[in-house]
Amino acid sequence: PTAPPLRAWRKGTLRLHLPRAPRQRPRPPKVKRQGRALHPVVKNKRTTLSVSADALPPLPKGEVLAIHAKFAVLSKAPPLGELASEARLRGLFWKRKDRAMPELTDLSYVRALCEKYDFALSKGFGQNFIVNPGLPPKIVDASGVDKRYGVLEIGPGIGVLTRELAKRAAKVVSIEVDERLPPLLAETMAGVDNFKLVLQDVLKVDLKALIAQEFPGMPVAVCANLPYYITSPIVMKLLGDRLPIESLTVMVQKEAADRLAAAPGTRASSAISCAVSYYATSKMMFTAAPGSFYPAPKVTSAVVRMEIRPTPAVQVEDEEGYFALVRAAFGQRRKTAANAIASGLGMPKDAVTAAIEAAGFDARIRPEALTLEDFAKIQNALAR
Ligand code: SAM
């Protein structure tokens, strides 16, 4: 079948798929049609077109990200499948890599950087670096930070997310525990002057003092791709320390994200869901596949955003006792709240059952069915 004739020269742009390592004069690259269709009849067909190396000007070594070719198609359309061979190159341009901003999500760059500094990624520190270029902007979008914000980041790694944050916020302070990382960060964050590194274990930092010192007068947000092995302690510290922050946006393991975002009184809830709801409102933002990280973790990841409430969701007199009760209730899987609380708090089962009933619940109720207010009622009944 022949395609109907085209009316005139059609113009467009093709992206050339470069051979792996671009040389001075690359091998004739395959050209794939991209963007708008050349002709309605061939709309969904892939047309490839070979360009002779002679048609390409000498390319700068190792700096080219992509070559684009301007093309035009002859007025008389050739038979289907031969369309591309009828195209004429009208010009070439290419996108250079920005020297000041190396591609931190480029796996070969990451490997070369690690090799240069003799750095082996540490499983123990939960190091899975983002290599999906779409992720950092998406995480920063989810955090809602802009030029007014001071951002606290936990675990900058080699700075993939850090750099996106620094681009969009007023100031970024990143806390990193791995003492081998500063030289790598010095290279990847070179020229970024609104960034500061604090080399410490986040669980040992006086965050209140740090925030007061680094972000005076600024709204503050936490944004991080957390080390998964200490997700809960970090989130609990960030919430429980009553820091002057507006929100936390964190990338965590999907299962952890489900718990952080679960509403108390629903099936997926747990002690941490209750703690999060007490201090904040939370929302599951999006998930990320293992392949978005290097090395790829075994699990799917997800981003959760928590917005700190001006005052806790429920008023309780003894906050410490309240959380001890919640933790005890969820402390033993598949037990009723009464059994778990009795064993967790070391109280007689009868007394706990009586308190749960006095608070208006069935003695066999499961902890997942209890809301923050319900726990407060049980706490009051226990204190009586
Ligand atoms: N932000 C980088 C990214 O997204 O590619 C790295 C994220 S990686 C999942 C977690 C980072 O947290 C690592 O750089 C790790 O060294 C750091 N880390 C682990 N434990 C920490 C701790 N206790 N305090 C501060 N940083 C920690």
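## Aromatic cluster

Tyrosine 322 and phenylalanine 323 are both buried. Buried means under 20% relative accessible area, exposed means over 50%, and partly exposed lies in between (1.4 Å probe, protein chains only). This is a predicted model: local features need pLDDT of at least 70, side-chain atom pairs count only at pLDDT 80 or more, and totals for chains, interfaces and linings use all residues. Residues are numbered from 1 along each chain as its sequence is written, and side-chain values use heavy atoms, with hydrogens and water left out.

A pair of aromatic rings is described by the distance of the centres and the angle of the planes. Rings of Phe, Tyr and Trp (its six-membered ring) pair if their centres lie within 6.5 Å; planes under 30 degrees apart count as stacked, over 60 as edge-to-face and the rest as tilted. The whole structure contains six aromatic pairs. In one of them, tyrosine 278 meets tyrosine 279 with ring centres 5.0 Å apart and planes at 90°, so this pair is edge-to-face. Tyrosine 278 is buried because its relative accessibility is 2%. Tyrosine 279 is buried too, at 7%. The rings of tyrosine 322 and phenylalanine 323 have centres 5.6 Å apart and planes at 75°, so they are also edge-to-face. Ring pairs join Tyr278, Tyr279, Tyr322 and Phe323 into a cluster.

## A charge over a ring

Which residue has its charged end over the ring of phenylalanine 286? It is lysine 138, at 4.4 Å from the ring centre. The criterion is NZ of Lys or CZ of Arg within 6 Å of the ring centre and within 35 degrees of the ring normal.

## Salt bridges

Side chains of opposite charge can pair when their charged atoms come close. A salt bridge here is a side-chain nitrogen of Lys or Arg within 4 Å of a carboxyl oxygen of Asp or Glu. The structure holds 13 of these salt bridges. Asp141, Glu164, Lys167 and Arg168 are linked in a salt-bridge network.

Lysine 254 bridges to aspartate 258, with the closest N and O atoms 3.0 Å apart. Both sit in helix α7 (residues 254–261), four residues apart, about one turn of the helix. Helices (H or I, at least four residues) and strands (E, at least two) are DSSP runs, numbered from the N terminus. Lysine 254 is partly exposed at 24%, and aspartate 258 is partly exposed at 30%.

Glutamate 307 pairs with arginine 305, the closest N and O atoms being 3.0 Å apart. Glutamate 307 is partly exposed at 40%, whereas arginine 305 is buried at 18%. Aspartate 241 bridges to lysine 237 with a closest N and O separation of 4.0 Å. Aspartate 241 is partly exposed at 32%; lysine 237 is buried at 15%.

## Nonpolar surface patch

Phe125, Val177 and Tyr229 make a nonpolar surface patch of about 260 Å². Such a patch takes residues with over 30% relative accessible area and no salt bridge; nonpolar side chains (Val, Leu, Ile, Met, Phe, Trp, Tyr) are joined within 5 Å, like charges within 9 Å. Areas come from the Shrake-Rupley method with a 1.4 Å probe, and for residues only the protein chains shown count as cover. Phenylalanine 125 lies in the loop between α1 (107–116) and β6 (129–130). It counts as partly exposed because its relative accessibility is 33%.

## Cysteines

Cysteine 223 is buried at 0%. Cysteine 274 is buried, also at 0%.
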